[in-house]
Amino acid sequence: MNQSAKRYSPLEVALIGGAIATTATFCVFGQAWSRSVRAALQDSPKATVDQVWQLVNREYVDTTFNQQNWQAIRQSLLSKEYTTRDQAYTAIREALKKLGDPYTRFLDPRQYESLTNQTSGEVSGAIGIRMELNDKTKRLTVVEAIDNSPAKKAGLKPGDQILAIDGRPTHQMKVEDASKLIRGKAGTFVTLRLERNGQSTFDLRLTRANIEVPTVRYTVKQESNRRIGYIRLHEFSAHAADQMRKAIHDLNAKQVDAFVLDMRGNPGGLLQSSIEIARMWLDHGSIVRTVDRAGGSEETKANRSAITNRPLAVLVDNNSASASEILTGALKDNRRAVVVGSQTFGKALVQSVHELPDGSGVAITIAHYYTPLGTDINHKGITPDVKVDLTQAQQRQLGANPSLVATMDDPQYARALTALSNNRLAQPVKYPTSQRPMSIRASDLTNSR
């Protein structure tokens, strides 16, 4: 009879790109291990090795494990002695490489913390500024103070130059090093010496806090006789859905005629976040279908909770991936939006992420997903309705001049405006049953990207 091992942190995460969803989980060791052996292993590096093996054995989407003898791999792993955690981590990574799946990967404690911080949409112990090393002055300069942050409330402004951090001069200091000095435990203080507009210097004492990172930015653009609600979605963090809802409501209140949703460069994020955002645009229809290792499928649908039916254009490029592709596929297949830009990245796999007792983690591919019309976009991506590939010169121009993005000097944005003249884009499509996704065996997903 299987015995439950020591319960570890109840954080299991379903990943689309870099996204997480929280549930509870236990680590269960194999039948061949006695209680005494499990107890001896629990606090050793070898325990981490076996925990990862067990999780992959239980959840990995390809039950052939890329034609590998997974049981033999376990025996090999546990036959070795690991005197340090780094040795164990190296062994785990080598074993996972045999699956041929770059998305099933081991995360050391630092990598795991970085992932959870990113997907939470928050920064702990920060003051809420973006800064850069000014090319002309060679000084650390504030680019932006985030709304509702300690920096914003204290009155920091773009262009303020940071001369010292807690008395330490910032001359020739890298942005990364300055960030480490500014960050600290929430509730503690940091003092910045600032210079504003070439005037005399002054000190500003700020209290560090947990900052919600803006992942949605929006504005109204007057384009000829139309008011366009432009929304840039950078990633699908835990706060993205709330920020998107606020953006749509605010733009609706400003009586925009249509929307442009820009997901160019969006690498993905929370699966649930992508579903929630899709439901803000769709009243009816399927959003995504996932297929697990046993061939079982689950379809997620809109639930009559859309908050706008105004025409919508979606901008994508070859760096729009994962959760971005779920949202794009849902809006495209339901004819709710016209998709403009370049072919998307092509990642149609779902990962779960587990935290291990030593603070490390493991991401495991657990499912394959399909668009509402049953399209498998893995390795292929989504083909836009209006394909507009930027030349290298255009990419360089937009990269060097961010103010040109979402203007008539941005070819993809300009084509989106033309496409929005078709108001039928706001109407959901009803597709026949024969076009719905077919059941797929998990073994067919071997070597999925």
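User: How many of the eleven residues of helix H9 (residues 271–281) are buried?
Analyst: Nine are buried, so H9 is mostly covered. Buried means under 20% relative accessible area with a 1.4 Å probe, protein chains only. Helices here are DSSP runs of H or I, at least four residues, and strands are runs of E, at least two, numbered from the N terminus. This is a predicted model: local features need pLDDT of at least 70, side-chain atom pairs count only at pLDDT 80 or more, and totals for chains, interfaces and linings use all residues. Residues are numbered from 1 along each chain as its sequence is written, and side-chain values use heavy atoms, without hydrogens and water.

User: Which residues in H9 are buried?
Analyst: Among them are Leu271, Ile275, Arg279 and Trp281.

User: Switching to pockets. Which residues lie nearest the centre of the largest pocket?
Analyst: Val123, Ser124, Ala126, Ser179 and Arg183, out of 27 lining residues. A pocket is an open set of points on a 1 Å grid where a 1.4 Å probe fits, with protein on both sides within 12 Å along at least five of seven lines; lining residues have an atom within 4 Å of a point.

User: Which elements supply at least two residues of that lining?
Analyst: Helices H5 (109–120) and H7 (175–182), plus strands S4 (122–126) and S5 (129–133).

User: And the second largest pocket, which residues lie nearest its centre?
Analyst: Arg232, Arg264, Asp317, Leu398 and Val405, with 21 residues in the lining.

User: Which element gives the most to that lining?
Analyst: S12, with four residues. Strand S13 (226–233) and helix H11 (392–400) each supply at least two.

How values were computed. Buried < 20%, exposed > 50% of the residue type's maximum accessible area, 1.4 Å probe, protein only.
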